[in-house]
Amino acid sequence: MNRDAMRFKQNLSFEDRIGTILVSTECSYLFHKSRKKREVLTVLFDPTIYDNLKVVLEGHLYDLDAEGKIRVVGREDLVDLAKMGRTFRMKFVLQCGRDGFMTTIALHSGLTDFAGELRGLHAAGERPGAGLELQLDMPAELSEHLRDIHEYVSSLWGQGWLIRYERLEELFPPSLESDSKVLHGSYRIKLTSASKIDESHMDDMGALLEHLLQFAMDMNEMYERGGWP
């Protein structure tokens, strides 16, 4: 092996130690000689829990889009260089939904998850996986029915989810006339899984999305009726 190839291999080994946490893949480097006796590099990728969940989630959402049930309006695949974490987020609306409604589903995985899975470094009692968060943005008027909404959300999602409500309000300068009785902005419900998910939950992803779809449709219906029936 010539000097250039040796230096290339050393650099890749360094990237294997440092870069796997960033890209969440573990690489095996195999060198072999071609017929012309030139050095050829083969890189084998071992997907992490996060990668596998992301592929399954994305596939299910695009299937629902193709079936005409939803319309995917956003996709984000982010790397946080400061915290060495990754986030995958997809946004969609119902094909027959009202304006002002949007649903978001996100996967999160951080340094501790990648280190635990790829290097076996984790605290006692913890296991690697990915965090799951669901979010529904709605017109601000629905915040007036918070009690009814909370009872419904709690009964629909049950245990194992942390529920949080937020209201984003648009404020106008005093010089601008605006009807004080009209609520501007949006109302948001966030559902965060209390525990991490892993590859054992892959078969449940389809049912989870159907459940989320029903949730979005029920909130659309509530808005159309002007309250809970």
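User: Is Thr103 buried or exposed?

Analyst: This is a predicted model, in which local features need pLDDT of at least 70, side-chain atom pairs count only at pLDDT 80 or more, and totals for chains, interfaces and linings use all residues. Residues are numbered from 1 along each chain as its sequence is written, and side-chain values use heavy atoms, with hydrogens and water left out. Buried means under 20% relative accessible area, exposed over 50%, and partly exposed in between, with a 1.4 Å probe and protein chains only. Thr103 has a relative accessibility of 3%, so Thr103 counts as buried.

User: Where does Thr103 lie, and with which residues is Thr103 in contact, leaving aside its neighbours within four places in sequence?

Analyst: Helices (H or I, at least four residues) and strands (E, at least two) are DSSP runs, numbered from the N terminus, and Thr103 lies in strand 5. Contact means heavy atoms within 4.5 Å. Leaving aside neighbours within four places in sequence, the residues in contact with Thr103 are Met90, Lys91, Phe92, Gln135, Leu136, Leu212 and Ala216.

User: What pattern does the chain follow along the sequence?

Analyst: The chain has five helices and eight strands. Of its 229 residues, 37% count as buried. Read along the sequence, the pattern is α-β-β-α-β-β-β-α-β-α-β-β-α.

User: How are helix 4 and helix 5 oriented to each other?

Analyst: Two packed helices are described by the angle between their axes and the distance between the axes. Axes are lines fitted to C-alpha atoms, for helices over the stretch in contact, and angles run from 0 to 180 degrees between N-to-C directions. Helix 4 (residues 146-157) packs with helix 5 at an angle of about 160 degrees, with the axes 12 Å apart. Since angles under 35 degrees count as roughly parallel, over 145 as roughly antiparallel, 65 to 115 as roughly perpendicular and the rest as oblique, helix 4 and helix 5 are therefore roughly antiparallel.

User: How do the residues of the contact of helix 4 with helix 5 divide by class?

Analyst: In helix 4, Asp148, Ile149, Tyr152, Val153, Leu156 and Trp157 meet residues of helix 5, including Leu208, His211 and Phe215. Ala, Val, Leu, Ile, Met, Phe, Trp, Tyr, Cys and Pro count as nonpolar, Asp, Glu, Lys and Arg as charged, and the others, Gly among them, as polar. The residues of the contact of helix 4 with helix 5 divide into ten nonpolar, two polar and two charged.

User: What is the orientation of helix 2 to helix 5?

Analyst: Helix 2 (residues 49-66) and helix 5 (residues 205-225) pack with their axes 10 Å apart and at an angle of about 50 degrees. That angle makes the orientation of helix 2 to helix 5 oblique.

User: Which kind of aromatic pair do Tyr50 and Phe114 form?

Analyst: Rings of Phe, Tyr and Trp (its six-membered ring) pair if their centres lie within 6.5 Å, and planes under 30 degrees apart count as stacked, over 60 as edge-to-face and the rest as tilted; by this rule the count comes to six aromatic pairs. Tyr50 in helix 2 and Phe114 in helix 3 (residues 111-119) are 64 residues apart, and both are buried. Their ring centres are 6.4 Å apart and the planes stand at 90 degrees, so the pair is edge-to-face.

User: How many residues apart in sequence are the parts that the pair of Phe101 and Tyr223 ties together?

Analyst: Phe101 and Tyr223 form an edge-to-face pair, 5.7 Å centre to centre and with 70 degrees between the planes. Phe101 is buried, with a relative accessible area of 7%, whereas Tyr223 counts as partly exposed at 22%. Phe101 lies in the loop between strand 4 and strand 5 (102-109) and Tyr223 in helix 5, so the separation in sequence is 122 residues.

User: What is the phi of Met84?

Analyst: Most residues other than glycine have a negative phi. Met84 is found in the loop between strand 3 (70-80) and strand 4 (85-94), and at 23% relative accessibility Met84 counts as partly exposed. Although Met84 is not a glycine, its phi is positive, at about 55 degrees.
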